[in-house]
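Open the model in your viewer and keep the selection panel to hand. The stops below say what to select next and what is there.

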Amino acid sequence: MLAIRKGSATKGVAMYEIDEPKELPEGWALVEVWKASICGTDVHIYQWNEWAQKRMNPPVTIGHEFVGKVLKVNGGLGKVHEGDIVSAESHVVCHTCRECRRNMYHACENTKIIGVHMDGAFAEYIAIPEENLVKLPPSVPLEAGSVLEPFGNAVHTVQSADVRGKKVVVTGVGPIGVMAIPVAKALGATLVIATDLSPYRLQLASNVGADVTINVKEKDPVRVVNDLGGADVVLEMSGSQSALNQGLDMIVPGGEMCILGLPDNNVSLDIANNVVSKGITIHGITGRRLWETWDLGLALVSSGKVDLTKVITHQFDFKDYQKGFDAMMSGNSGKVVLNIK
Ligand SMILES: [Zn+2]
Ligand SMILES: [Zn+2]
């Protein structure tokens, strides 16, 4: 079968002809991959940055966001069956660590990630633990199915705060920030404001329902948001020190900040004035809550409250994967999907 792999510990990825998964361990399923989307993680792996170097041991088939059809299940839980259309949770958790035993699977100490620690979904077939598969209702478009995993990051971020009747600011509207906008609206936010440096991404934010967009190169976001009454909730998706500080500046006393963006380095924040004195709650967001995030995300998509197809800006044939990576690295893209079957 064809697979896009990190073949060696250098920059780039390539397509290889490799054997189909043969041995299916007890409790695992074999899935025919139909569509897969490229994640920021895949770009880190492509670029072979420090994050990727620390975690990966090539050769590994990359990719972890996909939709496909179940071909076979070895034993298992009866959660999915042959012929089911499925997407998947990318984090394989241990079930035995302290966090897992407290129903905090998203924070499992021994998480293994599909397409990083084990062969992934940029391939014609993937072997995967059945418990990670999520059966899709027929009302979910296939394209949307291929981006449910990163959508889960957006859902988890929004659901960590109380956005009902609130003014919400999303700082950084890459694909996950963009997906957080319709989620915040569907869950009751009355005003959603998006900030970014990129006109392309701000346009995308507006396409999915942002009420106000602010290009921080042109306008002071703190001033604009304060003129609108301040932010009750800030969803920080950029990992930038200035966005973090601006977010804390614009938040009202008693407000909440959810941080998903990963800064490259330590950052300096005015904790005394902007966190303690204002009584702000800060949530760190990792992965997706198993399985509350998936349940809520699927409900939002299958009910039509959130249209994920608007977030997909590019689709390429599997063999044109390089064009997909180029689109992702250009910054002028939402989600980029590879059509495998
Ligand atoms: Zn991802
Ligand atoms: Zn665990």
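Buried means under 20% relative accessible area, exposed means over 50%, and partly exposed is in between, with a 1.4 Å probe and protein chains only. This is a predicted model, in which local features need pLDDT of at least 70 and side-chain atom pairs count only at pLDDT 80 or more, while totals for chains, interfaces and linings use all residues. Residues are numbered from 1 along each chain as its sequence is written, chains are lettered from A and ligands numbered from 1 in the order in which they are written, and side-chain values use heavy atoms, with hydrogens and water left out.

**Stop 1: the aromatic pair**

Select Y46 and F325. Both Y46 and F325 are buried. The structure holds one aromatic pair, and Y46 and F325 form it: the rings are stacked, 5.1 Å centre to centre, with 25 degrees between the planes. Y46 belongs to helix 1 (residues 40-47) and F325 to helix 12 (residues 321-330), so the pair ties together parts that are 279 residues apart in sequence. Rings of Phe, Tyr and Trp (its six-membered ring) pair if their centres lie within 6.5 Å; planes under 30 degrees apart count as stacked, over 60 as edge-to-face and the rest as tilted. Helices (H or I, at least four residues) and strands (E, at least two) are DSSP runs, numbered from the N terminus.

**Stop 2: helix 1**

W48 follows helix 1 and has a positive phi, near 55 degrees.

**Stop 3: the zinc ion**

Which protein atoms are the donors of the zinc ion (ligand 1)? They are C39 (SG), H64 (NE2) and E65 (OE), lying 2.1 to 2.4 Å from the zinc ion. Donors are N, O and S atoms within 2.8 Å of the metal (3.2 Å for Na, K and Ca); water is not among the atoms, so sites may look incomplete. The spacing of the donor residues in sequence is C-x24-H-E. C39 lies in the loop between strand 3 (28-38) and helix 1, and H64 in the loop between strand 4 (60-61) and strand 5 (65-73), so the pair ties together parts that are 25 residues apart in sequence. C39 and H64 are both buried.

**Stop 4: L77 and the strands beside its loop**

Go to L77, in the loop between strand 5 and strand 6 (85-88). L77 counts as exposed, at 62% relative accessibility. Leaving out residues up to four places away in sequence, L77 touches E130 and E131. Strand 5 and strand 6 pair in the antiparallel sense over three bridges; two strands pair if DSSP finds at least two bridges between them. K69 has I85 in strand 6 as its bridge partner. Strand 6 also runs antiparallel to strand 10 (residues 133-135), joined by three bridges, with V86 opposite K135.

**Stop 5**

Finish with the open sheet of six strands, which has the order 13-12-11-14-15-16 and parallel pairing. Its edge strands are strand 13 (212-215) and strand 16 (281-284), each of which pairs on one side only. Strand 15 (residues 251-259) pairs with strand 16 in the parallel sense over four bridges, and C258 has H283 in strand 16 as its bridge partner.

Key: Contact means heavy atoms within 4.5 Å.
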